[in-house]
Amino acid sequence: MTDKIKVGDYLIIQRQKYTKLQKFNNLNTTVNLGKDQIELRLAENHPYCTTFHLVPKQERGRRLYTLDALSTPSEIRNLKELLIKESGNDNRNIIDDRQSQALSTEEILKLREECESSSEVIGKLVENSKSFATKTEYSQEKYLKRKEKKYFEYITIRRPSIRLLTDIYWRLDPEKVLGVRFDTLSQIISYSGVCSVGNYLLYESGTNGLLPAAMLNSIGAETGGKLVHLHPGNVAQKQALFAMDYPTEQQARCVSVNIYSVLRHFYQDREAAKENEAQEPVVAEAKENETPAPVVAKAEDSTDGKRADEVNGTSKRKHEETQDGTAEEEPEAKQLKVDKQKQAWELENEAAASIMREKFDSLVIVAKEHPYSILKALLPFVKPSRPVVIFSTCREILTESYVDMKAEASVTYLRVTSNWMRQYQILPNRTHPDVTMSGSSGYLLTGYTIGN
């Protein structure tokens with residue numbers, strides 16, 4: 001992991017409060033921000049968190065931009081100081097008749113092509129606005145922010161982090177991360193007790209790799225912690241894991257396997273081991289009861305003996321040739337064929353099964369399905385007095401699981417909780433909660449295992 005932007009990295013493109021995840025596949029990669037298309041070629045080898053100025057390219061019909069790195073962020077001018085010179089007392093005399101702007105749409109588009117910076121465009125709009133000077137200072141600031149958002153010409157390229165990825169996924173579509181908001185994600189990590197040591201078991205049925213990425217982030221690089229990531233599909237969703245760009249050794253300690261496949265592999269191996277243990281005493285007893293084979297007497301006739309030796313020698317050579325040519329090669333060829341046929345998912349199953357034999361220090365379930373059957377299948381692999389965390393967007397599902405777990409007495413200290421988070425705008429004389437906010441981000445059922 002380097003501190004500079006390079007081809008192959010996942011990047012967070014930020015323009016004001018808007019953020020977008022983009023993979024820098026090659027030097028011809030472009031990113032679309034609204035109607036603007038931005039070439040990322042010149043971002044290579046610049047440090048992360050660099051602010052770039054969008055330089056327009058002269059192409060008709062396309063709003064195409066290249067990047068020019070700013071030496072200092074102070075080059076971004078403050079429009080409030082530049083354009084707000086006088087303000088009105090109130091807005092009572094302002095009439096919204098859409099006639100306050102003297103410039104037409106065509107003239108504004110022409111201005112956008114001719115002006116070198118967005119502040120020039122906004123300055124022209126303010127000059128030609130009949131009502132700007134009569135608005136209150138607060139209304140003027142809102143107007144400038146709205147125009148700045150539309151014509152803002154700077155972007156910042158940031159390194160992906162768990163918080164940024166969670167915000168992006170949540171804003172695009174909460175269902176793609178099963179409704180896990182960043183405050184709920186922090187609660188899951190906290191309740192599960194994930195740290196740099198121990199083995200951890202996670203089942204999730206589609207969060208774009210956000211849950212395993214967050215847990216692997218808490219485990220850290222160059223530590224002894226291991227994560228077994230179970231999923232219901234053929235291929236695990238890992239976009240967030242790839243975006244975080246963890247070191248190779250850290251990624252290797254996260255084993256992603258299909259839940260049905262690995263459980264079948266684990267129990268088949270256990271049955272095979274039991275059969276081998278049962279057969280060992282029988283084989284040992286059979287060896288003890290074996291009697292030595294009788295020694296064949298020598299032939300009396302020397303001529304017959306020579307002839308027999310010749311015949312036996314010829315047949316022996318043929319037998320050796322046959323064995324050397326085919327019999328000895330066949331097992332080796334079969335062994336090579338078996339080795340070659342072992343696919344990646346089989347090796348991952350073996351790695352996961354070996355960790356499952358050691359048992360886990362916590363269990364996390366984030367599922368679309370009803371979690372109780374999954375919990376029953378995975379609970380035997382968790383050590384006593386270890387945390388269990390189950391997430392669901394439906395309270396009734398967790399209530400049913402709560403009652404069943406209480407009846408079985410396999411988990412103690414059961415709690416069903418829900419996070420309620422509200423963001424606030426903090427400004428002088430204008431501090432208040434955000435008008436638009438999400439309500440619930442799902443529910444958590446937590447507890448601790450009881451030893452058998």
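Reply: Gladly! Let us begin with pairing: two strands pair if DSSP finds at least two bridges between them. Helices (H or I, at least four residues) and strands (E, at least two) are DSSP runs, numbered from the N terminus. Here, strand E1 (residues 10-15) is joined to E7 by 3 bridges, and the two run antiparallel. Within that pair, Ile13 stands opposite Ile157 in E7.

Me: What should I know about the model and its numbering before going on?

Reply: This is a predicted model, where local features need pLDDT of at least 70 and side-chain atom pairs count only at pLDDT 80 or more, while totals for chains, interfaces and linings use all residues. Residues are numbered from 1 along each chain as its sequence is written, and side-chain values use heavy atoms, with hydrogens and water left out.

Me: What is the order of the strands in the open sheet?

Reply: In general, strands of a sheet pair through backbone hydrogen bonds, either parallel or antiparallel. This open sheet has 7 strands in the order E2-E1-E7-E5-E6-E4-E3, and its pairing is mixed. Its edge strands, each pairing on one side only, are strand E2 (18-23) and strand E3 (30-33).

Me: Which strands does E5 pair with?

Reply: E5 pairs with strand E7 (residues 154-158) in the antiparallel sense over 4 bridges, and His53 stands opposite Tyr154 in E7. With strand E6 (residues 64-69), E5 pairs in the antiparallel sense over 5 bridges; there, Leu67 is the bridge partner of Leu54.

Me: Is strand E5 mostly covered or mostly open?

Reply: Buried means under 20% relative accessible area, exposed over 50%, and partly exposed in between (1.4 Å probe, protein chains only). Strand E5 (residues 50-56) is mostly covered, with 5 of its 7 residues buried. Across the protein chain, buried residues make up 38% of the 452 residues.

Me: How do H5 and helix H7 pack?

Reply: Axes are lines fitted to C-alpha atoms, for helices over the stretch in contact, and angles run from 0 to 180 degrees between N-to-C directions. H5 and helix H7 (residues 210-219) pack at an angle of about 165 degrees, with axes 11 Å apart. Angles over 145 degrees count as roughly antiparallel, so H5 is roughly antiparallel to H7. Contact means heavy atoms within 4.5 Å; residues making it include Leu165 and Tyr169 of H5 and Ala213 and Asn217 of H7.

Me: Where does H5 lie on the sheet strands?

Reply: Helix H5 (residues 162-172) lies across E1, E2 and E7, running at about 100 degrees to E2.

Methods: Parallel < 35°, antiparallel > 145°, perpendicular 65-115°, else oblique.
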